[in-house]
Amino acid sequence: MADINLTLAERLKALAAEVSGTSPLTTGRNKVDTNTICSYDSLTLRDFDFISYVDKTTGESINYPVLIFDEIDDGFYCGGMALSDLCNAIKDDAELYNELKTTGLKMSFTATTTKTNKTYVNFVVL
């Protein structure tokens, strides 16, 4: 049921965000690129969510994490496979997820280029 305290414009925006697969964590934040993430000596992961989309070529549903860090007030980062694995493991354990939101997880990031010239991000927990 729609919140009667919201204007029609607010309801429309909320509905569009809900059906587009965006996350509340991205609202009011800008997407941060790999170079920015890797430019910090360390970042404190504070929260994450998952965004889903359907791959148009395979029809497969793809989930990837969006992450927010204490040091980047207005940004979020879209993570890849390794960060997806970490976030999936944390989300399945309520105590660990609460600990993450309370104390954060200090990490550092580096970009690595493969032989096929694709870039991916490695992370180390500090």
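## Close-up views

**View 1. Aspartate 47 is in contact (heavy atoms within 4.5 Å) with Leu25, Val66, Leu67, Ile68, Tyr97, Leu100 and Lys101, leaving aside its neighbours within four places in sequence.** This is a predicted model: local features need pLDDT of at least 70, side-chain atom pairs count only at pLDDT 80 or more, and totals for chains, interfaces and linings use all residues. Residues are numbered from 1 along each chain as its sequence is written, and side-chain values use heavy atoms, without hydrogens and water. Aspartate 47 is found in strand 2 (residues 43–54). Strands (E, at least two residues) and helices (H or I, at least four) are DSSP runs, numbered from the N terminus. Is aspartate 47 buried or exposed? Aspartate 47 counts as buried because its relative accessibility is 9%. Buried means under 20% relative accessible area, exposed over 50%, and partly exposed in between (1.4 Å probe, protein chains only). The side chain of aspartate 47 makes a polar contact of 2.6 Å with the side chain of tyrosine 97. A polar contact is a pair of N or O atoms within 3.5 Å; within protein, one must be able to donate a hydrogen and the other to accept it, and residues adjacent in sequence count only if both atoms are side-chain atoms.

**View 2. Phe48, Phe50 and Tyr97 are linked into a cluster by ring pairs.** A search of the whole structure finds four aromatic pairs. Rings of Phe, Tyr and Trp (its six-membered ring) pair if their centres lie within 6.5 Å; planes under 30 degrees apart count as stacked, over 60 as edge-to-face and the rest as tilted. Phenylalanine 48 and phenylalanine 50 form an edge-to-face pair, 5.9 Å centre to centre with 80° between the planes. Phenylalanine 48 and tyrosine 97 are also edge-to-face, at 5.4 Å and 75°. Phenylalanine 48 lies in strand 2 and tyrosine 97 in helix 4 (residues 94–103), so this pair ties together parts that are 49 residues apart in sequence. Phenylalanine 48 counts as buried, at 5% relative accessibility. Tyrosine 97, at 23%, counts as partly exposed.

**View 3. Six strands form an open sheet in the order 1-4-3-2-5-6, with mixed pairing.** Strand 1 and strand 6 stand at the edges with a single partner strand each, so one side of each is left without a neighbour in the sheet. Two strands pair if DSSP finds at least two bridges between them. Strand 2 and strand 5 pair in the antiparallel sense over three bridges. The bridge partner of leucine 43 in strand 5 is methionine 107.

**View 4. Strand 4 (residues 75–78) is covered on both faces.** Gly75 and Tyr77 are buried on one side, Phe76 and Cys78 on the other. Strand 1 (residues 30–31) pairs with strand 4 in the parallel sense over two bridges. There, lysine 31 stands opposite phenylalanine 76. Strand 3 (residues 61–69) pairs with strand 4 in the antiparallel sense, also over two bridges. Here valine 66 stands opposite cysteine 78. Strand 3 and strand 4 form a hairpin with five residues between them.

**View 5. The largest nonpolar core has 18 residues.** A nonpolar core is a set of buried Ala, Val, Leu, Ile, Met, Phe, Trp, Tyr and Cys residues joined through side-chain atoms within 4.5 Å. Ile37, Phe48, Leu67, Phe69, Tyr77, Leu83 and Phe109 have the most contacts inside this core. Strand 2, strand 3, helix 3 (81–91) and strand 5 (105–113) each supply at least two of its residues. Apart from this core lies another, of six residues, among them Ile51, Val66, Ile68 and Phe76. Tyrosine 77 touches Val32, Asp33, Thr34, Ile37, Pro65, Val66, Leu67, Phe69, Leu83 and Val121, not counting residues up to four places away in sequence.

**View 6. Helix 3 has the buried residues Leu83, Ser84, Leu86, Cys87 and Ile90.** They cover an arc of only 165° around the axis, which puts them on the same side of helix 3. The arc is that of the directions from the helix axis to the C-beta atoms. The buried residues of helix 3 pack against strand 2, strand 3, strand 4, helix 4, strand 5 and strand 6 (119–125).

**View 7. The whole chain has four helices and six strands.** Along the sequence, their pattern is α-β-α-β-β-β-α-α-β-β. The C-alpha trace spans about 50 × 40 × 25 Å along its principal axes. Of the 126 residues in the chain, 28% are buried. Among contacts with a separation of 6 or more, 52% join residues 24 or more positions apart.
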